[in-house]
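Okay, thanks for making time, everyone. I'd like to walk you through one model today, a few regions at a time. Let me put it on the screen.

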Amino acid sequence: MPDGEATSCLVGWEGYRVETVERRAGEHPAVWIYLGRPSCSPMICDGCGQTSERVHDIETRVVRDLPILDAATWISVPRRRVLCGQCGPRLERLDWLERHARVTRRLAESVVRLCRALPVKQVAAFFGLDWHTVKEIDKRALQRSLDPVDLSGISLLAMDEFAIQRGHRYATVVIEPHTRRVLWVGRDRSREGVRPFFDLLGADGCRRIKAVAMDMNAAYANEVRARCPQAEIVYDLFHVVAKYGHDVINRVRVDEANRLRDDKKARKVIKTARWLLLRNRENLKRPEDGVRLDELLAANQALMTVYVLKEELKQLWRQPSIQAAQAAWQAWANKADGSGIEPLVRFAKKLAAYLHGIVASAAWPLNTSVLEGINNRIKVIKRMAYGYRDDAYFFLKIRNAFPGIPR
């Protein structure tokens, strides 16, 4: 094929023509394409979008494009600034190259597609781009597609924390529980940390909130009460039962093991039964584990009591009405107080302060269980990149991973 016909097949740089194509061999082969611009071609101001006929100046810019076969592709572009009557000197608008970009739009789109499945480091190595270049391309694309977040029509919320770094460093994630859409992610789990979300929601949005599901985090509850006083706070079953397991069952198990220190065989049975007692019976995978649990509970009255009351505690979230939930709570609290088991008595007294948010689950059957799945996915996102140094980018990746289920 003659050279003229070969270069005419190279398209995709609208408004320009290919003047020269040069291949440079070596360890990292490259194709250089030099573009020219017909002097009579129309120019569009990138500011106002109006056509302009006057050229202010021309600057040659080198940008990357998608690779051709085994070679990286470099484009030499004479970039014009128009002299716009309305905007003054402004860059000419090009469909295939953004204003200050050093890569073409189609290369940027390919980078973004790969970043959905691969860490930035691998995408940068694949295209031969700098790590920071790839990150900024992906970050800008996420900002364009996700910001500003649409909070119209939101009336229910669920919020939870997740570990972001070692050393008890946490972030907060807020979702719309029915669609499972991540609305917002922010650093910290304090009142000040979650306040920007309510600022983003605005006064009208705060008034629309009817209920918020959360764990027993006082900071979350206080901020919700301050910003959305009409909203019901609903404490999540999973977190309450998890705290019961830690503060009551595990404490009683340790106390019973210490009481039986002279009976080494019985003490060993109790000391090694931690996960057996904390796990739900329906989640026991082996039949022998169920038999072992029954034998353990039959042999120890204290463990039997706290284990049975754990199952009864769960029923508080399954009541048909607030009145029924309050009656169920009173019955449970009476049993806990009458047990004489000190860790259980202490837990019941502490839990009484959260009663309103527990019985509210009868009117608002919300929970943060979906957030536990989201938090597990967040760990995978973080692990893929071996952590993120840019919070804003990390939080955008989280929001992009959970766009929500269409209503």
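So, to start: in the hairpin of S5 and S6, which residue takes a positive phi? That's Leu69, with phi near 55°. The hairpin has two residues between its strands. And keep in mind as we go that this is a predicted model.

Next up, the open sheet. There are five strands here, in the order S10-S9-S8-S11-S12, and the pairing is mixed. S10 (181–187) and S12 (232–235) each have a single partner strand, so they stand at the edges and one side of each has no neighbour in the sheet. From one strand to the next, the twist averages 25°.

Inside that sheet, look at S8, residues 156–165, and S9, residues 169–176: they pair in the antiparallel sense, over seven bridges. Asp160 has Val173 in S9 as its bridge partner. As for helices, H5 (residues 191–208) packs on the sheet and touches S8, S9 and S10. The direction of H5 makes about 135° with that of S10. Then there's H6, residues 218–227, which lies across S8, S9, S11 (211–214) and S12. Relative to S12, H6 runs at about 165°.

Okay, on to a helix pair. H11 is residues 301–314, H12 is residues 322–339, and they pack with their axes 11 Å apart, at an angle of about 165°. Anything over 145 counts as roughly antiparallel, so that's what we call H11 relative to H12. The crossing of H11 past H12 is left-handed. On the H11 side of the contact you've got Thr305, Leu309, Glu312 and Leu313, and they meet Trp332, Lys335, Ala336 and Ser339 in H12. By type, the residues of that contact split into four nonpolar, two polar and two charged.

Last stop: Asn250, which sits in H7, residues 237–259. Is Asn250 buried or exposed? The cut-off for buried is under 20% relative accessible area, and Asn250 comes out at 14%, so it counts as buried. Which residues does Asn250 contact, leaving aside neighbours within four places in sequence? Those are Gly245 and Arg274.

That's my tour, so over to you.

Methods:
Residues numbered from 1 in each chain as written. Predicted model: local features only at pLDDT ≥ 70, side-chain atom pairs only at ≥ 80, totals over all residues. Heavy atoms only, no water. Helix = DSSP H or I, 4+ residues; strand = E, 2+ residues; numbered from the N terminus. Buried < 20%, exposed > 50% of the residue type's maximum accessible area, 1.4 Å probe, protein only. Contact = heavy atoms within 4.5 Å. Axes fitted to C-alpha atoms, helices over the stretch in contact; angles between N-to-C directions. Parallel < 35°, antiparallel > 145°, perpendicular 65-115°, else oblique. Left-handed = near helix turned anticlockwise from the far one by under 90°. Nonpolar A, V, L, I, M, F, W, Y, C, P; charged D, E, K, R; others polar. Pairing = 2+ DSSP bridges.
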